[in-house]
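Please open the model in your viewer and follow the stops below in order.

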Amino acid sequence: MTIPIKNIIIHRLNMRMIDPFATSFGTMQDKEFYIVEVVDTDGNHGYGEGVAFSIPWYTEETIKSNLAIIEDFLIPILRDNVIEHPNDLFPLFDRLRGNNMAKAAIEGAVWDLYAKREGVPLAKALGGKKTEIDVGISIGIQPSIRELLNKIEHFLAQGYKRIKLKIKPGHDVDMLREVRKAFPDTPIMADANSAYTLDDIALLKQLDDLNLMMIEQPLQHHDIIDHAKLQKELQTPICLDESIHSLYDAQKAIELGSCKIINIKVGRVGGLSESIKIHDYCEEHGIPVWCGGMLEAGIGRAHNVAITTLANFILPGDTAGSSRYWKKDIIKPEVVVENGVIKVPTSPGIGYEVDEEALEAFRFEKLEFPM
Ligand code: OSB
Ligand code: MG
(Lines give C-alpha, C1' and ligand atoms only; values in the text may rest on other atoms or scores of the structure.)
(Ligands and ions follow the chains in the order given, each with its own letter.)
Protein backbone atom coordinates (compact mmCIF):
# COMPACT_ATOMS: atom_id res chain seq x y z
CA MET A 1 0.00 0.00 0.00
CA THR A 2 1.22 3.47 -0.87
CA ILE A 3 2.57 5.69 1.90
CA PRO A 4 0.57 8.86 1.11
CA ILE A 5 3.04 11.60 1.97
CA LYS A 6 1.34 15.01 2.17
CA ASN A 7 4.21 17.28 3.08
CA ILE A 8 7.72 17.40 4.48
CA ILE A 9 8.95 19.84 7.12
CA ILE A 10 12.60 20.53 7.91
CA HIS A 11 13.23 21.93 11.37
CA ARG A 12 16.63 23.58 11.74
CA LEU A 13 17.82 23.51 15.34
CA ASN A 14 20.66 24.72 17.51
CA MET A 15 21.40 22.87 20.73
CA ARG A 16 24.29 23.30 23.15
CA MET A 17 25.92 20.18 24.54
CA ILE A 18 26.59 20.06 28.27
CA ASP A 19 30.30 19.43 27.63
CA PRO A 20 32.55 20.18 24.68
CA PHE A 21 33.46 17.00 22.75
CA ALA A 22 37.05 16.85 21.46
CA THR A 23 38.25 14.43 18.79
CA SER A 24 41.43 14.24 16.71
CA PHE A 25 39.67 16.41 14.07
CA GLY A 26 38.22 19.16 16.27
CA THR A 27 36.03 20.18 19.19
CA MET A 28 32.24 20.56 19.17
CA GLN A 29 29.87 22.01 21.71
CA ASP A 30 27.21 24.01 19.89
CA LYS A 31 25.40 21.60 17.66
CA GLU A 32 23.44 22.77 14.70
CA PHE A 33 21.42 20.06 12.93
CA TYR A 34 18.03 19.44 11.35
CA ILE A 35 15.01 17.24 11.86
CA VAL A 36 12.99 15.89 8.93
CA GLU A 37 9.27 15.51 9.61
CA VAL A 38 7.23 13.58 7.04
CA VAL A 39 3.46 13.97 7.34
CA ASP A 40 0.96 11.64 5.66
CA THR A 41 -2.62 12.36 4.55
CA ASP A 42 -3.94 10.44 7.59
CA GLY A 43 -2.23 12.79 10.03
CA ASN A 44 0.70 10.55 11.03
CA HIS A 45 4.15 12.12 11.55
CA GLY A 46 7.48 10.41 10.95
CA TYR A 47 10.76 11.90 12.16
CA GLY A 48 14.38 11.57 11.09
CA GLU A 49 17.50 13.40 12.28
CA GLY A 50 20.27 14.74 10.05
CA VAL A 51 23.67 13.84 11.48
CA ALA A 52 25.89 16.01 9.27
CA PHE A 53 27.95 18.56 11.19
CA SER A 54 28.32 22.21 10.20
CA ILE A 55 31.96 21.57 9.23
CA PRO A 56 32.96 18.67 6.89
CA TRP A 57 35.57 17.16 9.20
CA TYR A 58 34.06 13.72 9.79
CA THR A 59 32.79 13.17 6.23
CA GLU A 60 32.47 15.63 3.36
CA GLU A 61 28.80 16.35 4.12
CA THR A 62 27.60 19.46 5.94
CA ILE A 63 24.21 20.68 7.12
CA LYS A 64 24.03 23.12 4.23
CA SER A 65 25.09 20.55 1.63
CA ASN A 66 22.43 18.21 3.05
CA LEU A 67 19.69 20.84 2.83
CA ALA A 68 20.60 21.58 -0.80
CA ILE A 69 20.56 17.87 -1.74
CA ILE A 70 17.27 17.32 0.08
CA GLU A 71 15.55 20.29 -1.54
CA ASP A 72 17.02 19.92 -5.06
CA PHE A 73 16.99 16.13 -5.43
CA LEU A 74 15.55 13.97 -2.65
CA ILE A 75 12.20 15.73 -2.23
CA PRO A 76 11.64 15.76 -6.02
CA ILE A 77 12.29 11.99 -6.01
CA LEU A 78 9.62 11.56 -3.33
CA ARG A 79 7.24 13.72 -5.39
CA ASP A 80 7.83 11.72 -8.58
CA ASN A 81 7.63 8.19 -7.19
CA VAL A 82 5.13 6.01 -5.39
CA ILE A 83 6.59 4.79 -2.09
CA GLU A 84 5.11 1.60 -0.71
CA HIS A 85 7.83 0.67 1.75
CA PRO A 86 10.84 2.52 3.19
CA ASN A 87 13.07 -0.02 1.44
CA ASP A 88 11.93 1.60 -1.84
CA LEU A 89 13.93 4.73 -1.05
CA PHE A 90 17.50 3.43 -1.10
CA PRO A 91 17.43 2.29 -4.75
CA LEU A 92 15.81 5.57 -5.79
CA PHE A 93 18.34 7.64 -3.84
CA ASP A 94 21.22 5.40 -4.97
CA ARG A 95 21.02 6.95 -8.45
CA LEU A 96 22.64 9.98 -6.79
CA ARG A 97 26.22 9.59 -5.63
CA GLY A 98 27.15 10.03 -1.98
CA ASN A 99 25.30 12.43 0.34
CA ASN A 100 24.47 9.51 2.59
CA MET A 101 23.53 11.59 5.62
CA ALA A 102 20.98 13.59 3.63
CA LYS A 103 19.48 10.36 2.25
CA ALA A 104 19.40 8.75 5.70
CA ALA A 105 17.62 11.70 7.31
CA ILE A 106 14.73 11.46 4.83
CA GLU A 107 14.66 7.66 4.82
CA GLY A 108 14.65 7.58 8.64
CA ALA A 109 11.60 9.82 8.76
CA VAL A 110 9.82 7.57 6.26
CA TRP A 111 10.75 4.45 8.30
CA ASP A 112 9.24 6.05 11.43
CA LEU A 113 6.12 7.05 9.50
CA TYR A 114 5.80 3.54 8.02
CA ALA A 115 6.14 1.88 11.43
CA LYS A 116 3.51 4.23 12.89
CA ARG A 117 1.14 3.48 10.00
CA GLU A 118 1.65 -0.25 10.64
CA GLY A 119 1.22 0.26 14.39
CA VAL A 120 4.53 -1.43 15.23
CA PRO A 121 7.68 -0.24 17.02
CA LEU A 122 10.42 0.82 14.59
CA ALA A 123 12.73 -1.84 16.10
CA LYS A 124 10.24 -4.54 15.13
CA ALA A 125 9.71 -3.08 11.65
CA LEU A 126 13.49 -3.33 11.14
CA GLY A 127 13.51 -6.97 12.22
CA GLY A 128 15.03 -6.37 15.66
CA LYS A 129 14.22 -8.75 18.49
CA LYS A 130 16.11 -7.43 21.53
CA THR A 131 13.99 -5.79 24.22
CA GLU A 132 16.95 -3.97 25.74
CA ILE A 133 20.32 -2.91 24.40
CA ASP A 134 23.76 -2.57 25.98
CA VAL A 135 25.47 0.78 25.69
CA GLY A 136 28.91 2.21 26.18
CA ILE A 137 30.11 5.77 26.20
CA SER A 138 32.51 7.76 24.05
CA ILE A 139 34.69 10.23 25.94
CA GLY A 140 36.40 13.08 24.10
CA ILE A 141 40.04 14.09 24.57
CA GLN A 142 40.39 15.67 28.04
CA PRO A 143 42.69 18.51 29.14
CA SER A 144 44.45 16.29 31.71
CA ILE A 145 44.74 12.67 32.74
CA ARG A 146 43.20 13.54 36.11
CA GLU A 147 40.06 14.89 34.44
CA LEU A 148 39.92 11.87 32.15
CA LEU A 149 40.13 9.39 35.04
CA ASN A 150 37.39 11.31 36.87
CA LYS A 151 35.15 11.23 33.81
CA ILE A 152 35.64 7.51 33.35
CA GLU A 153 34.82 6.86 37.00
CA HIS A 154 31.72 9.05 36.72
CA PHE A 155 30.38 7.18 33.69
CA LEU A 156 31.27 3.71 35.02
CA ALA A 157 29.26 4.59 38.13
CA GLN A 158 26.30 5.20 35.82
CA GLY A 159 26.68 1.64 34.52
CA TYR A 160 28.04 2.17 31.00
CA LYS A 161 29.32 -1.15 29.69
CA ARG A 162 32.43 0.03 27.91
CA ILE A 163 34.53 3.13 27.66
CA LYS A 164 35.67 4.53 24.32
CA LEU A 165 38.51 7.03 24.47
CA LYS A 166 39.40 9.41 21.69
CA ILE A 167 43.09 9.41 20.83
CA LYS A 168 45.39 11.47 18.62
CA PRO A 169 49.18 11.73 18.27
CA GLY A 170 50.54 12.88 21.62
CA HIS A 171 47.39 11.70 23.43
CA ASP A 172 47.60 7.97 22.95
CA VAL A 173 49.75 5.18 24.38
CA ASP A 174 50.87 6.91 27.60
CA MET A 175 47.34 8.11 28.30
CA LEU A 176 45.85 4.66 27.63
CA ARG A 177 48.49 3.05 29.88
CA GLU A 178 47.45 5.33 32.75
CA VAL A 179 43.82 4.51 32.18
CA ARG A 180 44.50 0.79 32.01
CA LYS A 181 46.47 0.99 35.27
CA ALA A 182 43.55 2.73 36.99
CA PHE A 183 40.88 0.47 35.45
CA PRO A 184 42.49 -2.96 34.95
CA ASP A 185 39.26 -4.82 34.10
CA THR A 186 37.11 -2.24 32.32
CA PRO A 187 36.26 -2.89 28.66
CA ILE A 188 38.15 -0.06 26.94
CA MET A 189 38.60 0.86 23.30
CA ALA A 190 40.27 3.74 21.46
CA ASP A 191 39.05 5.82 18.49
CA ALA A 192 41.62 7.73 16.41
CA ASN A 193 39.31 9.24 13.76
CA SER A 194 42.01 8.72 11.10
CA ALA A 195 44.81 10.49 12.97
CA TYR A 196 47.61 8.00 12.11
CA THR A 197 49.45 6.53 9.12
CA LEU A 198 51.41 3.33 8.54
CA ASP A 199 54.50 5.25 9.68
CA ASP A 200 53.02 4.92 13.18
CA ILE A 201 53.02 1.11 13.19
CA ALA A 202 55.58 0.84 16.02
CA LEU A 203 53.49 3.12 18.20
CA LEU A 204 50.20 1.41 17.35
CA LYS A 205 51.74 -2.00 18.16
CA GLN A 206 52.26 -0.84 21.74
CA LEU A 207 48.47 -0.89 22.09
CA ASP A 208 48.61 -4.68 22.01
CA ASP A 209 49.84 -4.70 25.63
CA LEU A 210 46.75 -2.86 26.86
CA ASN A 211 44.03 -5.43 26.22
CA LEU A 212 41.81 -3.03 24.28
CA MET A 213 38.54 -4.32 22.82
CA MET A 214 39.50 -2.66 19.53
CA ILE A 215 41.04 0.37 17.89
CA GLU A 216 38.60 2.32 15.76
CA GLN A 217 39.63 3.94 12.45
CA PRO A 218 43.35 4.49 13.07
CA LEU A 219 44.18 5.34 9.44
CA GLN A 220 42.96 7.48 6.54
CA HIS A 221 39.20 8.05 6.30
CA HIS A 222 38.62 6.25 3.00
CA ASP A 223 41.29 3.60 3.37
CA ILE A 224 40.88 -0.17 3.50
CA ILE A 225 44.29 -1.16 2.05
CA ASP A 226 46.58 0.20 4.75
CA HIS A 227 44.16 -0.95 7.45
CA ALA A 228 44.55 -4.50 6.10
CA LYS A 229 48.35 -4.15 6.34
CA LEU A 230 48.04 -2.77 9.86
CA GLN A 231 45.61 -5.48 11.02
CA LYS A 232 48.17 -8.13 10.01
CA GLU A 233 50.68 -6.49 12.38
CA LEU A 234 48.29 -5.87 15.27
CA GLN A 235 46.65 -8.22 17.73
CA THR A 236 44.18 -5.52 18.76
CA PRO A 237 41.13 -5.82 16.49
CA ILE A 238 40.64 -2.92 14.10
CA CYS A 239 37.11 -1.51 13.86
CA LEU A 240 36.27 0.59 10.81
CA ASP A 241 34.06 3.67 11.08
CA GLU A 242 34.80 6.42 8.51
CA SER A 243 35.95 3.98 5.78
CA ILE A 244 32.60 2.16 5.52
CA HIS A 245 30.01 4.05 3.46
CA SER A 246 28.06 1.12 2.04
CA LEU A 247 27.51 -2.63 1.93
CA TYR A 248 30.07 -2.68 -0.90
CA ASP A 249 32.72 -1.07 1.34
CA ALA A 250 31.95 -3.55 4.12
CA GLN A 251 32.29 -6.48 1.70
CA LYS A 252 35.65 -5.26 0.40
CA ALA A 253 37.00 -4.48 3.87
CA ILE A 254 36.05 -7.93 5.14
CA GLU A 255 37.49 -9.60 2.04
CA LEU A 256 40.80 -7.76 2.50
CA GLY A 257 40.97 -8.33 6.25
CA SER A 258 40.99 -4.59 6.93
CA CYS A 259 38.97 -4.96 10.15
CA LYS A 260 37.50 -7.49 12.55
CA ILE A 261 34.63 -5.28 13.71
CA ILE A 262 32.44 -2.66 12.02
CA ASN A 263 30.85 0.45 13.53
CA ILE A 264 27.53 1.03 11.74
CA LYS A 265 26.35 4.64 11.67
CA VAL A 266 23.02 4.88 9.92
CA GLY A 267 23.78 8.33 8.48
CA ARG A 268 27.22 7.38 7.19
CA VAL A 269 25.88 4.44 5.17
CA GLY A 270 22.78 6.14 3.73
CA GLY A 271 20.03 4.88 5.97
CA LEU A 272 18.41 2.06 7.91
CA SER A 273 17.81 -0.22 4.89
CA GLU A 274 21.53 -0.24 4.01
CA SER A 275 22.43 -0.60 7.71
CA ILE A 276 20.36 -3.80 7.86
CA LYS A 277 22.15 -5.15 4.78
CA ILE A 278 25.58 -4.42 6.28
CA HIS A 279 24.45 -5.96 9.56
CA ASP A 280 23.28 -9.14 7.81
CA TYR A 281 26.42 -9.44 5.69
CA CYS A 282 28.65 -8.99 8.76
CA GLU A 283 26.61 -11.58 10.65
CA GLU A 284 27.09 -14.12 7.85
CA HIS A 285 30.84 -13.43 7.88
CA GLY A 286 31.40 -13.55 11.65
CA ILE A 287 32.06 -9.81 11.98
CA PRO A 288 30.40 -8.29 15.06
CA VAL A 289 28.96 -4.79 14.66
CA TRP A 290 27.96 -1.99 17.03
CA CYS A 291 26.07 1.26 16.57
CA GLY A 292 28.15 4.43 16.42
CA GLY A 293 26.95 7.88 17.38
CA MET A 294 27.03 11.40 15.96
CA LEU A 295 26.21 13.27 19.17
CA GLU A 296 22.54 12.96 18.24
CA ALA A 297 19.56 14.55 19.88
CA GLY A 298 16.63 12.33 20.83
CA ILE A 299 15.22 11.50 17.41
CA GLY A 300 18.50 10.24 15.96
CA ARG A 301 19.21 8.49 19.25
CA ALA A 302 15.82 6.69 19.05
CA HIS A 303 16.70 5.44 15.54
CA ASN A 304 20.03 4.16 16.87
CA VAL A 305 18.25 2.32 19.69
CA ALA A 306 15.91 0.69 17.16
CA ILE A 307 18.65 -0.57 14.78
CA THR A 308 20.72 -1.89 17.72
CA THR A 309 17.96 -4.44 18.45
CA LEU A 310 19.20 -6.52 15.50
CA ALA A 311 21.02 -9.66 16.69
CA ASN A 312 24.55 -8.99 15.36
CA PHE A 313 24.82 -5.67 17.21
CA ILE A 314 26.81 -7.71 19.70
CA LEU A 315 29.10 -5.06 21.16
CA PRO A 316 27.87 -2.09 23.24
CA GLY A 317 27.29 0.98 21.06
CA ASP A 318 27.87 4.72 21.52
CA THR A 319 24.14 5.36 22.08
CA ALA A 320 24.47 6.86 25.56
CA GLY A 321 21.50 8.43 27.37
CA SER A 322 20.14 11.89 26.51
CA SER A 323 21.48 13.38 29.75
CA ARG A 324 25.08 12.61 28.74
CA TYR A 325 24.75 15.32 26.04
CA TRP A 326 21.74 17.56 26.70
CA LYS A 327 20.22 19.55 29.53
CA LYS A 328 16.92 19.07 27.76
CA ASP A 329 16.29 16.72 24.84
CA ILE A 330 13.60 17.09 22.14
CA ILE A 331 11.80 13.83 22.96
CA LYS A 332 9.54 12.66 25.79
CA PRO A 333 10.58 10.61 27.65
CA GLU A 334 14.30 11.15 27.11
CA VAL A 335 16.55 8.16 26.34
CA VAL A 336 17.47 6.73 29.74
CA VAL A 337 20.37 4.39 30.52
CA GLU A 338 20.09 2.24 33.63
CA ASN A 339 22.84 -0.23 34.53
CA GLY A 340 24.31 0.28 31.06
CA VAL A 341 21.08 -0.74 29.37
CA ILE A 342 18.36 1.08 27.40
CA LYS A 343 14.90 -0.47 27.42
CA VAL A 344 13.61 -0.52 23.85
CA PRO A 345 10.30 1.38 23.61
CA THR A 346 7.26 -0.63 22.58
CA SER A 347 4.93 2.02 21.15
CA PRO A 348 4.65 2.48 17.36
CA GLY A 349 7.48 4.11 15.40
CA ILE A 350 10.53 5.47 17.20
CA GLY A 351 8.58 5.04 20.43
CA TYR A 352 9.41 8.43 21.90
CA GLU A 353 7.16 11.47 21.52
CA VAL A 354 8.58 14.63 20.04
CA ASP A 355 8.53 17.42 22.64
CA GLU A 356 6.97 20.13 20.47
CA GLU A 357 7.78 22.85 22.98
CA ALA A 358 11.45 21.91 23.11
CA LEU A 359 11.58 21.55 19.31
CA GLU A 360 10.24 25.07 18.93
CA ALA A 361 12.55 26.47 21.59
CA PHE A 362 15.66 25.16 19.78
CA ARG A 363 14.39 25.90 16.26
CA PHE A 364 15.67 28.87 14.27
CA GLU A 365 14.14 27.98 10.89
CA LYS A 366 11.27 25.86 9.56
CA LEU A 367 11.14 24.87 5.87
CA GLU A 368 7.99 23.36 4.38
CA PHE A 369 7.71 21.31 1.21
CA PRO A 370 4.29 20.19 -0.05
CA MET A 371 4.23 16.95 -2.07
O1 OSB B 1 34.09 8.73 15.42
O2 OSB B 1 32.50 7.83 16.47
C3 OSB B 1 33.08 8.85 16.08
C4 OSB B 1 31.42 11.92 17.60
C5 OSB B 1 31.47 12.78 16.53
C6 OSB B 1 32.04 12.36 15.35
C7 OSB B 1 32.58 11.08 15.24
C8 OSB B 1 32.54 10.22 16.32
C9 OSB B 1 31.98 10.66 17.52
C10 OSB B 1 31.94 9.87 18.73
C11 OSB B 1 30.86 10.15 19.73
O12 OSB B 1 32.76 9.03 19.02
C13 OSB B 1 29.67 9.31 19.53
C14 OSB B 1 28.51 9.78 20.35
O15 OSB B 1 28.63 9.81 21.58
O16 OSB B 1 27.46 10.10 19.77
MG1 MG C 1 34.61 6.71 15.25
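**First stop: a salt bridge**

Select D40 and R117, whose side chains meet in a salt bridge with N to O at 2.7 Å (a side-chain nitrogen of Lys or Arg within 4 Å of a carboxyl oxygen of Asp or Glu). D40 belongs to strand β2 (residues 26–40) and R117 to helix α3 (residues 100–118), 77 residues apart. Helices (H or I, at least four residues) and strands (E, at least two) are DSSP runs, numbered from the N terminus. D40 is buried at 0% relative accessible area, while R117 is partly exposed at 23%; buried means under 20%, exposed over 50%, partly exposed in between (1.4 Å probe, protein chains only).

This is a predicted model, in which local features need pLDDT of at least 70 and side-chain atom pairs count only at pLDDT 80 or more, whereas totals for chains, interfaces and linings use all residues. Residues are numbered from 1 along each chain as written, chains are lettered from A and ligands numbered from 1 in written order, and side-chain values use heavy atoms, without hydrogens and water.

**Second stop: the magnesium ion**

Next, select ligand 2, the magnesium ion, with its protein donors D191 (OD), E216 (OE) and D241 (OD) at 2.1 to 2.3 Å. Donors are N, O and S atoms within 2.8 Å of the metal (3.2 Å for Na, K and Ca); water is not among the atoms, so sites may look incomplete. D191 lies in strand β7 (residues 188–191) and D241 in the loop between β9 and α9 (247–256), so the pair ties together parts 50 residues apart in sequence.

K164 is buried at 2%, and E216 is buried at 0%.
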